[in-house]
Amino acid sequence: MPSSSAAGAMVGSMPARRDPVFRRRLISALLLGPLALVLLWMGGLVFTAWVAAFAAAMAWEWIQMSDPKAPPVAYAIACATASGAVLLAGETSTQDALFWGAAGTLAAGIERWRRGWSIEVLGVLYVSLAAGLLASMRAEAEHGLPMVVLLFAIVWAADSLAYIAGTWLGGPKLVPQASPNKTWSGFIAGLAAGTAAGVAAGAVFDLNLPVVAVFAAVVAVASVLGDLAMSLFKRSFNVKDSGTLIPGHGGVLDRVDALMLAVITAVLFQRVIPLGWGMS
């Protein structure tokens, strides 16, 4: 067994000492992770309603960041657009959700135009599209649950290992203009972890593993790009976090920024290249 001094050195090298919010991040993950998996397993309206609540919070945070002087009606339009798109995607059809999201974004644009047009209203559409596609994916009758499990495995593995490797190893910055904390070591570790997790899940679900490996790598990269894009947006809005709802992470957007672009990418990829669902 290691001596007390060796143990102290090991603890001193952990991310908790290098990142003051590591413990809060870990506690939040331990609480939210199991809850997400339980609701995912339950599916149906329970999962859809949970995603809709998250979507409303994400839309609220987006307006709060991008338009600090927005009137209450701007928040109402954004939240109704995002949550409505999710409910329609999960309970009726993706087409209905897309129409609702587009109409809501148009309404948000008209409201903003009265005060001075800004391209940032498209963030409402981005939130609605990402959250709606997640609900639609889970609602898929035959393979909804394993599809979302595969997606979560890739994104969570990539996000977690990128954070741990970047904190432990450091090294050259990935895109310092977007985030001073993200490193190339974290990106490579996240890409490897996401691909490995995707292949492992693909083997469990008896999918076409070479295709799944490519899919997992593409989705892992998309998760990193989604994270970086949100960091750039926050920098342009002069805010550090999107909110304060989740201890150690900030807001809901801070927690799911990697998942948002990953969902969209996963859906588009599977439209073009099937992963082999139903082969066995």
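Which side chains meet in a salt bridge at 2.5 Å, N to O? In this predicted model, they are those of D254 and K234. The protein chain holds 11 helices and zero strands, and 50% of its 280 residues are buried. The points below cover the fold, the nonpolar core, the aromatic pairs, the salt bridges and a nonpolar surface patch.

**Fold and helix α7**

- Read from the N terminus, the elements of the protein chain run α-α-α-α-α-α-α-α-α-α-α.
- Helix α7 covers residues 122–139, and at 1.5 Å a residue its 18 residues should span 26 Å. The end C-alpha atoms of α7 are 26 Å apart, which agrees with that expectation.
- Helix α7 is mostly covered, with 13 of its 18 residues buried.

**Nonpolar core**

- The largest nonpolar core has 61 residues, and the members that touch the most other members are L134, L151 and L275.
- At least two residues of this core come from each of α3 (22–42), α4, α5 (72–91), α7, α8 (144–169), α10 and α11.
- Helix α11 supplies the largest share of the core, 12 residues.

**Aromatic pairs**

- The count of aromatic pairs comes to 10.
- One of them joins F47 and W50 in a tilted arrangement, with 5.8 Å centre to centre and 50° between the planes.
- F47 and W50 are both buried.
- Another pair, F215 with F269, is edge-to-face, with 5.2 Å centre to centre and 65° between the planes.
- This second pair links distant parts of the chain, since F215 belongs to helix α10 (residues 209–236) and F269 to helix α11 (residues 252–272), 54 residues apart.
- F215 has a relative accessible area of 2% and is therefore buried. F269, at 13% relative accessibility, also counts as buried.
- Ring pairs also link F47, W50 and F54 into a cluster.

**Salt bridges between helices**

- The structure holds six salt bridges.
- R255 forms one of these with D159, and the closest N and O atoms are 2.9 Å apart.
- Because R255 lies in helix α11 and D159 in helix α8, the pair ties together parts that are 96 residues apart in sequence.
- R255 is partly exposed, with a relative accessible area of 25%, and D159 is partly exposed at 24%.
- The salt bridge of D254 and K234, at 2.5 Å from N to O, was the subject of the opening question. This pair links distant parts of the chain: D254 is in helix α11 and K234 in helix α10, 20 residues apart.
- D254 has a relative accessible area of 11% and is buried, while K234, at 9% relative accessibility, counts as buried as well. Both residues count as buried because the cut-off is under 20% relative accessible area.

**A salt-bridge network**

- Salt bridges that share partners join D67, E111, R112 and R115 into one network.

**Nonpolar surface patch**

- W113, W117, I119, L122 and L125 make a nonpolar surface patch of about 570 Å².
- W113, one of the patch residues, has its place in helix α6 (residues 94–113).
- At 62% relative accessibility, W113 counts as exposed, because exposed residues are those over 50%.

Definitions and conventions:
Residues are numbered from 1 along each chain as its sequence is written. This is a predicted model: local features need pLDDT of at least 70, side-chain atom pairs count only at pLDDT 80 or more; totals for chains, interfaces and linings use all residues. Side-chain values use heavy atoms; hydrogens and water are left out. Rings of Phe, Tyr and Trp (its six-membered ring) pair if their centres lie within 6.5 Å; planes under 30 degrees apart count as stacked, over 60 as edge-to-face and the rest as tilted. Buried means under 20% relative accessible area, exposed over 50%, partly exposed in between (1.4 Å probe, protein chains only). Helices (H or I, at least four residues) and strands (E, at least two) are DSSP runs, numbered from the N terminus. Patches are made of residues with over 30% relative accessible area and no salt bridge: like charges are joined within 9 Å, nonpolar side chains (Val, Leu, Ile, Met, Phe, Trp, Tyr) within 5 Å. Accessible areas come from the Shrake-Rupley method with a 1.4 Å probe; for residues, only the protein chains shown count as cover. A salt bridge is a side-chain nitrogen of Lys or Arg within 4 Å of a carboxyl oxygen of Asp or Glu. The expected span of a helix is 1.5 Å times one less than its number of residues. A nonpolar core is a set of buried Ala, Val, Leu, Ile, Met, Phe, Trp, Tyr and Cys residues joined through side-chain atoms within 4.5 Å.
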